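Hi,

Here is the structure I promised to pass on. Please load it first, then read the notes below.

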Amino acid sequence: LVTNATTAGAVAAYLGVQGAGFPVYRDRPPPGTALPYVTVQEGIAAPFAHITTEFDKSLTLQVAEMVQVDLWQTWQNADDTTAEAYANWTNILKILAGSRLGGLLATNVYGVRFVGRVRLPDLESNTVHDALTFIIDHDL
């Protein structure tokens, strides 16, 4: 089992191991990547969940790190039929929510919580972007 130093790396690896069905990248895909794909942005916010090191530096610091998982898909086919697979975002939700990332983060993960989703179709580029927000409670 290979662990990841970054939260985004752990999320990407976990989605891959669980068979999300599309490539997952940290921050952005390589140029020319075909749709659909997922990008993961970490550290959007990371408030301390438990400040346990204030007086004892040997204790573990725990954070509630906000992560955004972005699903990018084709919106419509050339014949104006729907190309977007609505089940893709719910598949990501089912894989991540409640998980502990399967030991793929280098620190202890207490759990992944779903915060919300925003669907953003872009008619000019014929893409639809689902932005899913999660909070990952883990040791720092």
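Keep in mind that this is a predicted model.

Strand pairing comes first. Strand β1 covers residues 24–26, and β2 covers residues 37–45. The two pair in the parallel sense, over 3 bridges. Within that pairing, Y25 sits opposite T39 of β2. Strand β2 also pairs with β4, residues 62–74. Here the sense is antiparallel, with 6 bridges. Q41 faces Q68 in β4 across this pairing.

Next, the core. The largest nonpolar core holds 27 residues. The residues with the most contacts inside it are L15, V38, V69, I92, L96 and L101. Two or more residues each come from α1 (7–17), β2, β4, α2 (87–96), β5 and β6. Helix α1 gives the largest share, 6 residues.

What does I92 touch, leaving out residues up to four places away in sequence? The contacts are L15, F22, V38, V69, L71 and F134. L15, V38 and V69 are also on the list of residues with the most contacts inside the core.

Last, a loop residue. L123 lies in the loop between β5 (109–122) and β6 (127–139). Is L123 buried or exposed? Its relative accessibility is 57%, so L123 counts as exposed, the cut-off being over 50%. W75 is 48 residues from L123 in sequence. In space, the C-alpha to C-alpha distance between L123 and W75 is 7.8 Å.

Best wishes

Definitions and conventions
Residues are numbered from 1 along each chain as its sequence is written. This is a predicted model: local features need pLDDT of at least 70, side-chain atom pairs count only at pLDDT 80 or more; totals for chains, interfaces and linings use all residues. Side-chain values use heavy atoms; hydrogens and water are left out. Two strands pair if DSSP finds at least two bridges between them. Helices (H or I, at least four residues) and strands (E, at least two) are DSSP runs, numbered from the N terminus. Buried means under 20% relative accessible area, exposed over 50%, partly exposed in between (1.4 Å probe, protein chains only). A nonpolar core is a set of buried Ala, Val, Leu, Ile, Met, Phe, Trp, Tyr and Cys residues joined through side-chain atoms within 4.5 Å. Contact means heavy atoms within 4.5 Å.
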